[in-house]
Amino acid sequence: MLYKEIPFLRFCPPLATGILAGKLISAGLVQNIYAPYYLLLSLLIFIIIRYIREKSSYLSDKFGILITIFFFITGLTAYNIKFRKNSSALPSGKHTYVVRVTDYPSERKSTIKVPVKIIKIDNIKSHSRNKKLLIYFIKSAEWNTIKPGDIISVNLEPLRIVDFDTTDNFDYSTYMLTRGYNYYAFAKTCLKTETRYRRFTGQSLIIRSKLLAVIEKNIGQEENFALVSALVLGQKQMLGPEIKEEFSRAGIMHILAVSGLHVGIVSILIMTLLKVLRIRSRRMQITILLVVLWSYAILTGLGPSVVRAALMFSFLHTGKLIKRSANSINSLLASAFLMLVINPLYLFDAGFLLSYSAVFYILAYYKDLYN
């Protein structure tokens, strides 16, 4: 009965276990076996599952064992593919890189940090295409004109990211690898701006920047601007240590992270607006709501907490559209399942773990606590 009401309770644990197993043996066996073999084995198991499902009941022991193995191997495969992509080596020495800027440059103490994705190396497309890279440029006025989506060419000699302080308990290189970065480079200036190619995510970053400019213009006071930017768009980098300390002491630091609270407010506002506009088509209501929710999620940077909330609301509203009541815990686990399949490295992200743990306990115990 539990698996019928919450089927993803059966799918998520073996998937997460497979990802963990992939991490534990990533330095040995897994890297010597190509990921497609895992995929083929997963597909074979899936075929066997389908065959057994036709011959026996959904809750049979054989089906349960095979579905567990299938999702365990799926997790192992997903981690292997992602790990291979993130940890792949770049050619040694200095080369000409054509890269696409993925976010606005951020000012450091003596440099400008620019996150990019590799397009070509020495004008040749390689296996490193779309690999992430951090470039640190010497400060200059030209970086005021750089925007997400710009394609630039630059001479670089990338260096591997290492754990600079081995005496603490924080492994910086592993932390950066889970975010897709294992190389950084220094450069004086870019050779030229090739073109500007604005993807949807790049356009959303530009829109977010314009919204921040509007907020700053209308609010004026720097402290209030920083607070509103964090509450509305999740931009916490402008908050001073004093404000963060005050929120932390009050126990409300979590509201500065865009999450279910913000997505819920946006959802309520849109549904209210749709009623005012007298849009009665349920299909149209849900379509507009989902478009707005995901646009907001992209606008705020697609952090684990906001993606989790957007996925949950998508499942819940879609369930209403097809007139099926969605179990809230199953919706939570389904969103976790999708996020881990797309990016298995989320499993090692503190924000992902805290967000899902908190929401799980709220959904599991809020009725008892309320009573």
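Author: The protein chain has 13 helices and 8 strands, and the model is a predicted one. Of its 371 residues, 42% count as buried. The chain exposes about 21600 Å², with carbon and sulfur atoms supplying 61% of that.

Reader: What share of the contacts with a separation of 6 or more is between residues 24 or more positions apart?

Author: That share is 67% in this protein chain.

Reader: What makes the salt bridge between R179 and D349 count as one?

Author: The cut-off is a side-chain nitrogen of Lys or Arg within 4 Å of a carboxyl oxygen of Asp or Glu. The side chains of R179 and D349 meet at 2.8 Å, N to O, so the pair passes that 4 Å limit. The structure holds 2 salt bridges.

Reader: Are R179 and D349 buried or exposed?

Author: Buried means under 20% relative accessible area, and exposed means over 50%. D349 has 13%, so D349 is buried. R179 comes out at 28%, which makes R179 partly exposed.

Reader: Why is R249 called exposed, and what is E245 called?

Author: R249 is at 70% relative accessibility, so R249 counts as exposed, the cut-off being over 50%. E245, at 39%, counts as partly exposed.

Reader: How do you know the length of α12 fits a helix?

Author: At 1.5 Å a residue, its 15 residues should span 21 Å, and the end C-alpha atoms are 21 Å apart, so the two agree. For α2, with 17 residues, the reach from first C-alpha to last is 24 Å, close to the 24 Å expected.

Reader: What makes you call α12 mostly covered?

Author: In α12, 11 of the 15 residues are buried. Among them are I329, N330, L333, F337, M339 and L340. The buried residues of α2 include F8, R10, F11, C12 and L15.

Reader: Which residues touch the most other members of the largest nonpolar core?

Author: Those are F8, F337, M339, L340 and F352, in a core of 47 residues. Elements giving two or more residues to this core include α2 (8-24), α4 (61-87), α12 (328-342) and α13 (350-370). Apart from it lies another core, of 19 residues, with L90, V99, L133 and I135 among them.

Reader: What does F352 touch?

Author: Leaving out residues up to four places away in sequence, F352 touches P304, A336, M339, L340, Y346 and L347.

Reader: Which residues make the nonpolar surface patch?

Author: F360, Y361, Y365 and L369 make a patch of about 460 Å². Members of such a patch need over 30% relative accessible area. Y361 is found in helix α13.

Reader: Why is M271 called buried, and what is M271 in contact with?

Author: M271 has a relative accessible area of 16%, so M271 falls under the 20% limit and is buried. M271 lies in helix α9. Setting aside neighbours within four places in sequence, the contacts of M271 are R282, Q285 and L289. M271 and L289 are 18 residues apart in sequence and 7.3 Å apart, C-alpha to C-alpha.

Reader: And T300, is that residue buried or exposed?

Author: T300 is buried, because its relative accessible area is 10% and the limit is under 20%. T300 is in the loop between α10 and α11. Not counting residues up to four places away in sequence, T300 touches R208, V232, L233, V258 and V306. V232 is 68 residues from T300 along the chain, and their C-alpha atoms are separated by 8.4 Å.

Terms used
Residues numbered from 1 in each chain as written. Predicted model: local features only at pLDDT ≥ 70, side-chain atom pairs only at ≥ 80, totals over all residues. Heavy atoms only, no water. Core = buried A, V, L, I, M, F, W, Y, C linked by side-chain atoms within 4.5 Å. Buried < 20%, exposed > 50% of the residue type's maximum accessible area, 1.4 Å probe, protein only. Helix = DSSP H or I, 4+ residues; strand = E, 2+ residues; numbered from the N terminus. Contact = heavy atoms within 4.5 Å. Patch = residues over 30% accessible without salt bridge, like charges linked within 9 Å, V, L, I, M, F, W, Y side chains within 5 Å. Areas by Shrake-Rupley, 256 points an atom, 1.4 Å probe, with all protein chains shown as cover. Expected span 1.5 Å × (residues − 1).
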